[in-house]
Structure formats: C-alpha cells, structure tokens
Amino acid sequence: MLNKWEKPEMPEEEEIKERLAKARDLLEIQQLQIKERKLPVLVLFEGWGAAGKGSEIGQIIKNIDPRFFKVASMSAPSEEEKRKPFLYPYFVQIPEAGKFTFLDSGWMDQVSKSRFSGEMDDNKYAQIIDSIKRFERQLTDNGYIILKFFLNISEKEQEKRLNQLKANKDTKWRVSKNDLMQSKHYSKCQNIFSRYLTDTNTANAPWYIIDAKNRKWAELQLMETICSGIQVGLQNERLAVPIIQNVFPLIKMPKLSEVKLEETMEEEKYKAELKQLQKKLGEFHNRLYRKRVPVVIAYEGWDAAGKGGNIKRLTEALDPRGYEVHPIASPEPHEKARHYLWRFWKRLPKTGHIAIFDRTWYGRVMVERLEGFCSENDWKRAYNEINEFEKELTEWGAVVIKFWVQIDKETQLARFTERQNTPEKQWKITDEDWRNREKWDEYEKAVNEMLQKTSTSYAPWHILPSVDKKIARIQALKIVIEKLEKALE
C-alpha cells in the first residue's frame with residue numbers, strides 16, 4: 001500500500017490556512033453533534049518515527065473541548081498487559097459514547113515490531129490480523145467511528161529529523177531505539193508497514209496515508225479527513241448493520257425442556273466426592289499458575305438455580321490469590337456508554353489466573369433482548385460477536401468453560417417462597433426476580449436460541465441440572481477438572 005501510494009499535491013500556503021480555518025470551525029460544530037448523539041470516536045495515529053504523530057495530535061485536540069477527549073500513548077505493553085490477550089490494552093482504551101479517544105500508536109505498531117524482530121511468524125500474523133479486523137468491525141457495528149492514520153515521510157526526511165533531534169540535548173531523548181532501527185532498515189520496515197496497511201484496510205475502517213513532510217499540510221489532511229469521517233458516521237448512525245452468518249463450528253444442544261432433572265445424590269456420597277474433587281482441583285490450580293494458563297468460567301442460569309453455591313464449592317478448592325469472582329449486575333453509566341463487551345474485557349484474568357463470572361456477556365441476548373435495552377439488530381448481531389470474543393480468548397490460550405444452571409419452574413417458585421419467608425434470606429429475593437419469573441416462557445425461548453447459536457467446539461455450553469444442587473456442584477467440579485486436565489497435558 002505504501003509502495004503504491006501516490007503522494008498528494010500540496011496546496012499553496014494561503015490555501016492551507018483558509019482550508020484549515022474552515023476545518024477547525026467544522027470540527028467544533030461536529031464535536032457538539034458527537035456529544036448530543038452519543039457517538040464514540042476512536043482516532044488511531046500510526047506512522048514512521050519522527051513523522052510528528054504527537055505534535056499533530058496536539059494541534060487537533062486544540063479544537064475539541066478537553067472534557068470530551070482523551071489521549072493515550074500506547075508504548076510497549078507492560079508486563080501486566082503481556083499476560084492478557086493481544087487486544088486487551090486497546091479494547092480498554094475505547095471511548096465512551098459522545099467522546100473522542102486519540103491513540104498515539106496502537107495495534108499496528110505492536111504487530112510491526114513483532115514482525116520485524118521475527119517474534120511473530122506468518123501463522124500468528126494471520127491470526128492477529130483476523131483478530132484486529134474483527135475488533136475494528138465490532139466497534140463500527142456498534143456505532144463507533146474509527147479513523148486510522150499513517151503519517152508517511154521519506155527515508156531522507158526521517159534521517160534528517162532524527163539527526164536534528166539527536167543534535168539537541170533537550171530533544172535527543174525523544175529518539176528511541178525503534179526510531180533508529182526504522183531508519184537503518186527503512187526498506188524492510190516499509191514492506192512490513194505496507195503489507196499490514198493492505199491487510200487491514202477495510203470498508204468499515206479504512207487507512208488514510210498522510211503526507212507528513214510539511215507540518216501544516218499534514219494537519220490539514222488530518223483535519224479534513226476527520227471531519228469527513230465524522231460526517232459519514234453521523235449519516236450512518238441510524239442505519240441497520242448486516243447480521244453476519246456464523247462461521248464457527250457449533251455443537252448441537254438439547255432444549256431446556258429435554259434436560260432431565262430427577263437425579264438426586266445422597267449426602268454422604270456427595271460429601272465424599274466433593275472432598276476428593278476439590279483436592280484434585282486445588283492441585284490443578286497450582287499447575288495452571290506454573291504453566292501460565294488463563295481460565296474463564298462463565299455462569300448463567302435461572303434465578304435461584306444455585307449459581308452462588310456452585311461457585312462457592314469451586315472457589316473453596318482454589319488459592320485465593322489466583323482467582324477472582326465477578327458478580328455482574330446492570331452496567332454502570334460509564335460501562336453502558338461503551339461497547340457491551342468492554343466491561344468483560346476489563347475483567348479478564350492474567351495468565352495463570354482464573355476469572356469466574358456470575359452472569360456474563362450473555363445478558364445481551366437474554367435480559368437486554370427481552371427487556372428492550374438494546375435493538376433487535378443489536379442482540380441478533382451479538383451471537384456472532386460473542387463467538388468471536390470467546391474465539392479470541394481461546395486463541396490467547398484461555399480455557400473457557402460455560403455453565404447454564406437449570407431448574408424447573410416449580411423448583412424456582414419453591415425457592416423464591418422460601419427466601420421470602422426466611423428473614424436471613426430475604427436479601428436474595430427482589431421484585432425484579434418475580435417480574436422475570438412472569439416472563440419464564442420468553443426467557444426459555446431466548447436461552448434455547450442462545451445455547452444453539454453459541455455452543456461452539458472451542459467454548460461449548462454445559463447444562464447443570466440443579467433441582468438437586470449437589471448434583472450440579474459435583475458435575476461442575478468434574479467438568480472443570482476435565483477441561484483443565486486436557487489443557488495441562
């Protein structure tokens with residue numbers, strides 16, 4: 001892409017000034033529209049070392065109310081970030097609705113460095129490119145405006161700028177080892193950049209190559225392209241997004257009405273099995289940490305099905321320093337203002353650790369669907385987005401285990417009544433629980449569809465019969481142990 005790039009003709013200085021003034025005025029108007037219509041804008045700056053990314057970001061943000069933007073300099077990932085999925089540092093930086101985020105370098109920079117050093121082979125590169133394209137498409141499908149810029153300068157221009165920086169004791173610190181590497185191996189870097197730009201240049205998130213030799217000319221190109229991109233985003237805001245066909249291998253699941261719930265277990269047998277399984281799970285937890293394998297355990301199920309007690313029996317066997325339980329309630333305002341998966345990305349475990357979710361991202365296709373908290377297009381699109389999210393986790397190396405805790409309607413009523421009539425348990429029952437119960441049939445239909453469309457070969461669903469909670473607890477422990485044993489082979 002860079003190799004075939006046709007350098008745009010730079011206007012006269014006076015024309016640049018006039019057009020810049022118009023673009024600045026327009027951006028001031030557009031930021032109000034962005035705020036009013038709650039559109040998030042993500043602007044990514046990539047380019048050659050010394051191309052002027054930082055200074056150009058500085059010029060652009062002068063035209064935006066500082067309350068409505070954030071600038072993040074995405075340098076090399078920290079040791080903590082290296083123990084999370086590749087996209088983690090970037091997903092957590094996405095803006096709230098109605099605000100801008102400017103990234104000084106990002107996922108392109110990290111991929112390019114890994115390609116140059118040889119740390120990333122062709123297979124890993126292809127996998128990461130797919131992840132990046134899915135990431136960018138998910139954001140734009142959910143209303144984000146993504147603007148990606150590559151600031152381009154010639155080999156001679158880069159060398160000249162780096163020499164100027166190095167000659168001044170107050171600026172020589174700005175010249176990094178990576179900048180010097182680029183200058184020394186300009187052609188090789190250009191080929192790596194060019195291939196990446198071509199591979200990730202999509203209709204929903206295209207690349208804009210900026211001639212950065214002249215600072216004001218670069219600023220004009222950036223300003224006019226940002227304004228144009230925002231205008232298109234404002235026009236597309238209310239258009240329906242196509243539903244993508246599932247491409248992931250699915251495992252056929254039974255309907256909830258077909259799940260047998262009659263089995264029971266004697267207390268003595270339960271206690272003996274529980275003790276044995278918890279001991280084994282504790283041993284596996286130590287090995288998980290040593291081998292740096294991350295684990296994500298997701299619990300969904302009917303109210304009063306016994307999720308909490310099930311989770312308790314799991315965690316009793318684990319080192320408390322190596323796991324965290326995330327009880328998921330309604331999203332907070334700052335969570336609601338971002339992509340619905342954002343709050344789950346932020347809660348992912350480090351390698352070697354376990355994250356247990358009590359309620360999950362599947363709320364999108366259950367409660368949000370049935371209570372009208374998102375559009376029909378949103379929840380129908382979410383099946384594929386969730387499959388992509390879980391694929392991302394498994395490609396990172398995570399073990400993903402998903403439980404649906406199943407009871408019948410009569411058992412739920414009995415447990416609701418007991419909670420309501422027992423003072424120390426009344427905090428467990430709310431008016432919302434009773435309202436949800438009235439929609440049992442609608443929820444059952446939604447759950448059946450969810451199970452069919454998201455039980456993939458790499459992250460299948462496991463249904464736990466829980467009329468007898470002891471059965472569900474033992475089954476959950478056996479499944480977790482089986483999955484960990486396989487991962488640790």
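Me: Are H8 and H9 roughly parallel or roughly perpendicular to each other?
Reply: This is a predicted model, so everything here is about that prediction. The axes of helix H8 (residues 177–184) and helix H9 (residues 186–199) come within 5 Å and cross at roughly 100°. Angles from 65 to 115 degrees count as roughly perpendicular. So H8 and H9 are roughly perpendicular.

Me: Okay, and which residues make the contact on the H9 side?
Reply: From H8, the contact uses Met181, Gln182, Ser183 and Lys184. Sorted by type, the residues of the H8 and H9 contact are 4 nonpolar, 2 polar and 1 charged. On the H9 side, the residues are Tyr186, Cys189 and Phe193.

Me: Zooming out, how many helices and strands does the chain have?
Reply: The C-alpha atoms fill a box of roughly 85 × 45 × 40 Å along the principal axes. Of the contacts with a separation of 6 or more, 83% are between residues 24 or more positions apart. As for the elements in the chain, there are 20 helices and 10 strands.

Me: How many bridges join E1 to E4?
Reply: Strand E1 (residues 41–47) and strand E4 (residues 145–152) run parallel.

Me: Which residue of E10 does Phe403 stand opposite?
Reply: On one side, E9 (residues 399–406) is joined by 7 bridges to E6 (residues 295–301), and the two run parallel. There, Gly301 stands opposite Val405. E9 is also joined to E10 by 5 bridges, again running parallel. Across that pairing, Phe403 stands opposite His462.

Me: How many residues of E9 are buried?
Reply: In a regular strand the side chains alternate between the two faces of the sheet. In E9, Val399, Ile401, Phe403 and Val405 point one way, while Val400, Lys402, Trp404 and Gln406 point the other way, and all are buried. E9 is therefore largely enclosed by the rest of the structure, and the count of buried residues is 8 of the 8.

Me: How many residues has the largest nonpolar core?
Reply: Nonpolar side chains tend to be buried together in soluble globular proteins. In this chain, buried residues make up 55% of the 489 residues. The residues with the most contacts inside the largest nonpolar core are Phe102, Trp107, Ile297, Trp361, Trp404 and Met450. Ile297, for one, is in contact with residues including Leu314, Ile356, Phe403 and Val480. The size of that core is 148 residues.

Me: Is Glu224 buried or partly exposed?
Reply: You'll find Glu224 in helix H10 (residues 215–236). Leaving aside its neighbours within four places in sequence, Glu224 is in contact with Arg19 and Ala23. Buried means under 20% relative accessible area, and exposed means over 50%. Glu224 comes in at 30%, so it is partly exposed.

Me: What is the relative accessible area of Ala304?
Reply: Ala304 lies in the loop between E6 and helix H12 (307–315). Its phi is near 70°, a positive value in a residue other than glycine. Ala50, in the loop between E1 and H2, also has a positive phi, about 70°. Ala304 is buried, and its relative accessible area is 6%.

Definitions and conventions
Residues numbered from 1 in each chain as written. Predicted model: local features only at pLDDT ≥ 70, side-chain atom pairs only at ≥ 80, totals over all residues. Heavy atoms only, no water. Axes fitted to C-alpha atoms, helices over the stretch in contact; angles between N-to-C directions. Helix = DSSP H or I, 4+ residues; strand = E, 2+ residues; numbered from the N terminus. Parallel < 35°, antiparallel > 145°, perpendicular 65-115°, else oblique. Contact = heavy atoms within 4.5 Å. Nonpolar A, V, L, I, M, F, W, Y, C, P; charged D, E, K, R; others polar. Core = buried A, V, L, I, M, F, W, Y, C linked by side-chain atoms within 4.5 Å. Buried < 20%, exposed > 50% of the residue type's maximum accessible area, 1.4 Å probe, protein only. Pairing = 2+ DSSP bridges.
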